[in-house]
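This briefing covers charged side-chain pairs and nonpolar packing. Please read it alongside the sequence and the model.

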Amino acid sequence: MPELPEVETVRRGLLPVMEGRRILSAEVRRPDLRWRFPDRMSERLTGARVDMLRRRSKYILADLSTGETLLIHLGMSGRMLISGKMLGEFHHDHPAPQKHDHVVLEMEGGARVTFNDARRFGAMDLMPTGAADDHWLLAGLGPEPFGNDFHEEYLVARLKGRATPIKAALLDQRVVAGLGNIYVCEVLHRAGIHPRRKAGTISAARVAGLVPIIREVLSEAIEAGGSSLRDYRRADGELGYFQHTFRVYDREGEPCQSEGCTGTIARIVQSGRSSFYCPVCQR
């Protein structure tokens, strides 16, 4: 499932063709994806201007001139694809409709934005903009990794005394929003912390040191356009490239890349997810 860098990359790709532009028409081609679409979704979107396109955790939020916000969740295989006349260096003709093109937005300026989702685990919803933070998918989320509320003192306090493995603690969206399995593996390797280590047993100094590492890893991934594993594509249809710089994720049996380390990357399963780490330099 796309994590924060992938979702942020898609948001940035959509900005030139969506933000500040009206939705001339919205075609909804099925009644649901993971959940039912909201009532009269096509009518509520048609004619609305996208005043702001933002991200919260792994969700894209389009604040509309109608006072509503369109929530977009890519799920496991969802893609937001752009075609037609766009700002920038590229121009794509509109392709023929595909089987899994479920929502099609014709934008002011000539671009078409298509939500394609082969597995239908994605979602769209509409809600009052003023109540967006109370939406059931957003309520209870922790601070954004790049936000002012996510800082060393906060993370130390949130993890103090917790018996949960540090890997699970960082994946908890109530602790920090947007982190997923890939990037937590990469963060813990850079921090030299074993994924099974109980969060509450890690010194305050080492926990505090996770904050800049989290931001560093996410910034590098966004700069690389995210990580393309299986279905993920950027909004322009291109692949992301951060997977080529993974230090541990999906590198089981390969040498550790930490300077001076002689370890070999190992894999364990935690809560049904693969954790990749170096048993020599991560403690």
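Buried means under 20% relative accessible area, exposed means over 50%, and partly exposed lies in between. R56, at 18% relative accessibility, therefore counts as buried. The model is predicted. Its salt bridges come to a count of 16.

**Salt bridge between E144 and R56**

- E144 and R56 form a salt bridge, with the closest N and O atoms 2.8 Å apart.
- This pair joins distant parts of the chain, its two residues being 88 residues apart.
- E144 sits in the loop between β8 (123-128) and α3 (152-159), while R56 belongs to strand β2 (residues 50-56).
- The relative accessible area of E144 is 16%, so this residue is buried under the 20% cut-off.

**Salt bridge between R11 and E8**

- The side chains of R11 and E8 meet in a salt bridge with an N to O distance of 2.8 Å.
- R11 and E8 are about one helical turn apart because they are separated by three residues in helix α1 (residues 4-18).
- Both R11 and E8 are buried.

**Salt-bridge network**

- A network of salt bridges links E8, R11, R12, R55, R56 and E144.

**Salt bridge between E27 and R29**

- E27 forms a salt bridge with R29, and the closest N and O atoms are 3.1 Å apart.
- E27 has a relative accessible area of 40%, so it is partly exposed.
- R29 is also partly exposed, with a relative accessible area of 34%.

**Nonpolar cores**

- In soluble globular proteins, nonpolar side chains tend to be buried together.
- The largest nonpolar core here contains 39 residues.
- Within this core, the residues with the most contacts are L155, L159, I166, L170, L210 and I214.
- At least two residues of this core come from each of α3, α4 (166-171), α5 (181-191) and α6 (204-223).
- Helix α6 supplies the largest share, nine residues.
- L210 touches L155, I166, L170, V187, L188, A191 and I193, leaving aside residues up to four places away in sequence.
- Another core, of 30 residues, lies apart from the largest one, and V7, L53, L70 and V113 are among its members.

Definitions and conventions: Residues numbered from 1 in each chain as written. Predicted model: local features only at pLDDT ≥ 70, side-chain atom pairs only at ≥ 80, totals over all residues. Heavy atoms only, no water. Salt bridge = Lys/Arg side-chain N within 4 Å of Asp/Glu carboxyl O. Helix = DSSP H or I, 4+ residues; strand = E, 2+ residues; numbered from the N terminus. Buried < 20%, exposed > 50% of the residue type's maximum accessible area, 1.4 Å probe, protein only. Core = buried A, V, L, I, M, F, W, Y, C linked by side-chain atoms within 4.5 Å. Contact = heavy atoms within 4.5 Å.
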